[in-house]
2 protein chains.
Amino acid sequence: MVVCPKCDKSDFIQLAGFVRGRQRFYCKSCAYHFITEHSDRKSRKKNQVTIIDIAERLGVSASTVSRALSGKSDISEVTRQEILKTAREMDYQPNLLAQGLILSETHTIGVIIPNIERPFFASVVSGIQQVASEAGYRVMICQSNESHQTEVANVQALVASRVDGLLICHSIRTETFDHIKLQHRKGIPIIHFDRVCNEIDTPKVLLDNEGGAFLAVEHLLNQGCKNIACLAGPENLIISQERESGYLKALQKYDISVRSELMIRGDFSTAHASEGIERLLSLPQKPDGIFCMHYKNAIEIMVKLKERGIKVPEDICIVGFGDESLTAMIEPSLTTIHQNPYLVGQKAASLFLEKMTGSEESQISKTVIVAGELIVRDSSSRNKV
Amino acid sequence: MVVCPKCDKSDFIQLAGFVRGRQRFYCKSCAYHFITEHSDRKSRKKNQVTIIDIAERLGVSASTVSRALSGKSDISEVTRQEILKTAREMDYQPNLLAQGLILSETHTIGVIIPNIERPFFASVVSGIQQVASEAGYRVMICQSNESHQTEVANVQALVASRVDGLLICHSIRTETFDHIKLQHRKGIPIIHFDRVCNEIDTPKVLLDNEGGAFLAVEHLLNQGCKNIACLAGPENLIISQERESGYLKALQKYDISVRSELMIRGDFSTAHASEGIERLLSLPQKPDGIFCMHYKNAIEIMVKLKERGIKVPEDICIVGFGDESLTAMIEPSLTTIHQNPYLVGQKAASLFLEKMTGSEESQISKTVIVAGELIVRDSSSRNKV
DNA sequence: ATCCTTTGCGGTATCGTTACCGATAGGTAT
DNA sequence: ATACCTATCGGTAACGATACCGCAAAGGAT
């Protein structure tokens, strides 16, 4: 783009004939005639070493250098060592842009998550990076901030960067999946994790919400609880449904009849938790165990119970869901279901690698389910030895 | 690399003459002669649309398409609109590799942090991404995992990807900075944040540890505390030194004499916290306020105090450092210094952008100090209204 | 001694995009 | 009418790396 050297604007530039074969310009804004300087690409970014620099220094061709660096090909060991030595000396860093362009392979995978600040996703990302980097892949991370539009933009940006694959956890507001389908049709490997899209046949990593909830409630039963309440989330939220299902299955297994007044549905908010515990404590037959679908609610409830002089776990046992850093530090420490987010990331990355290296016939889209783990702590430990 | 079509090995391949101008090969492993098929690059990744595809469809040249897409240049509005329309229809995504190669500018910044799972760094990254994406930059994140070697590898990978700049928080084990100096000499913009390197003249974002500690201790004094203890970190750790300095300055300002027995140094561990509180409570003149350099220690101490029946904040006020999610949820909620990590990220990204757009003479390496914020909660609120 | 391999390396096209230079048709001033 | 502009577009050479092809010299077999 031509910019006026006087006013730095580019919108008012007009061509104004030729001078000695060079284009002459006119800036309408500041009424100034000028001829562009060559933008001097040579001197601008001549800081990085190329294989040509190495070749010239050693008096060989660029092909030879390329062969030497790529490891194995028609090249003598002597020449190879010499080239490697020179490359090290000159601090040669291969230009991955050029490499990616010619090989149409960037060794980079794109990851889209709602928000990196949520510990769950931070761990997922960490798991992905560990597996990816061991396989020689770089990772590019984008946050959708739970916005559909941003997610679409993220997909486009990653595709434009020619990532080799896409690992994605959809935003909560993503309802149409055209942006994913488009790339899937183009043949870009896509792996879903956590919040998946069932309209597309992709490998997926799912959390075993039902199983985790089952473990939690079964544990409460084993602690001797008979009346187990459930502090749930919104009825239309899938994870809430799954965890509720686990809750019910556990009760069923131990032949405990379901008391509908013990099921408190809400929105995971603090207000909901306060109100819920209020309601539970006003029941004629109070609960002796509470399964909270969110660790935050669990902690809030414990505070409320303490204020009323109700003892945890002696009077009421509490189990949460999701193991954040502080659940172990509070008093009493919270028994909870650890969701293994790091493992989720590892699995997702592994699925991608399988898809890349896998033979043609093994291209069935696998679904991996990551089980939750029960971490027993004080908030539910009645049988202390 | 040539691979045997029978046994898929590449290490045993020998050349074996020419047939119709094509190289003939011999596999020593499976005793098989063959001629390579052309690796058919055409059909391999012909999934992405290029400007040439658009050009052919419209019967114009690639130059024209490029001009149309780049926004403003010698092109008629009619043609431009037509090209833009076709580009949208074909879901054209510019190849950023090719763009980066020719422009020697990738619009990508590399970020190196010790660990994304630490909430502090997750927030920093989030802040960086927000500012960067608004300026049209992508972000590539690497974790050093507190390893010098990994950090060096990260730097090289990012440089190989030709990022436009590097934002880095050094690992705790980084002692030599040659890997950074090298890139700095090459002219790659480098911004330091949090754990900086003073051997290189780079823009930096620092945390005001001293100021934060001062605020915390001053707050304790205002709450009427007279004997303020300090649960510190290792003596050789810089952040520990700075926070100690803030502690001392606050005492000095209010003419409180320093009692050395109230300064407990340790390693931030749980054991250290337990031992520290033990020691403090056995003093003839017990503290009535404790400043903890780590929020984790603060919470641990509060648990200990509760066990002994000592009331917070009535008997002892507690202030922590670092505002994690759960500090607000516990009982009593913890007064703490919020370090504004998101802001740190924003500032770091802004410094990078300044360096990129800034004029030649304004290339002085600025240092920005991000102040901590006192978040007053129950653990120190004696003057309740 | 002749012919065929093998080894080791150089040359060129190519990836997708942009910068630069030219070229052409039509417009405008003299 | 002539000379000179202007607007708009095409062609080509890069960017850095690799794949493919070819070729000369040395080695080996008959």
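Predicted model: local features only at pLDDT ≥ 70, side-chain atom pairs only at ≥ 80, totals over all residues.

Tutor: Residues are numbered from 1 along each chain as its sequence is written, chains are lettered from A in the order in which they are written, and side-chain values use heavy atoms, without hydrogens and water.

Student: What is the area buried between chain B and chain A?

Tutor: Contact means heavy atoms within 4.5 Å, and it takes 62 residues from chain A and 61 residues from chain B. Buried area is the accessible area (1.4 Å probe) that two parts lose on being put together, summed over both. Carbon and sulfur atoms give 57% of the total, which is about 5,400 Å².

Student: Which residue of chain A forms a salt bridge with B:K186?

Tutor: A salt bridge is a side-chain nitrogen of Lys or Arg within 4 Å of a carboxyl oxygen of Asp or Glu. The rule finds two across this interface. In one of them, the closest N and O atoms are 2.8 Å apart, and the partner of B:K186 is A:D91.

Student: Which residues touch the most other members of the largest nonpolar core?

Tutor: Such a core joins buried (under 20% relative accessible area, 1.4 Å probe, protein chains only) Ala, Val, Leu, Ile, Met, Phe, Trp, Tyr and Cys residues through side-chain atoms within 4.5 Å. B:F291 touches residues including B:L220, B:Y247 and B:F321. Among the 90 residues of the largest core, those with the most such neighbours are A:F291, A:I318, B:F291 and B:I318.

Conventions:
Buried < 20%, exposed > 50% of the residue type's maximum accessible area, 1.4 Å probe, protein only. Lists of a residue's contacts leave out its neighbours within four places in sequence.
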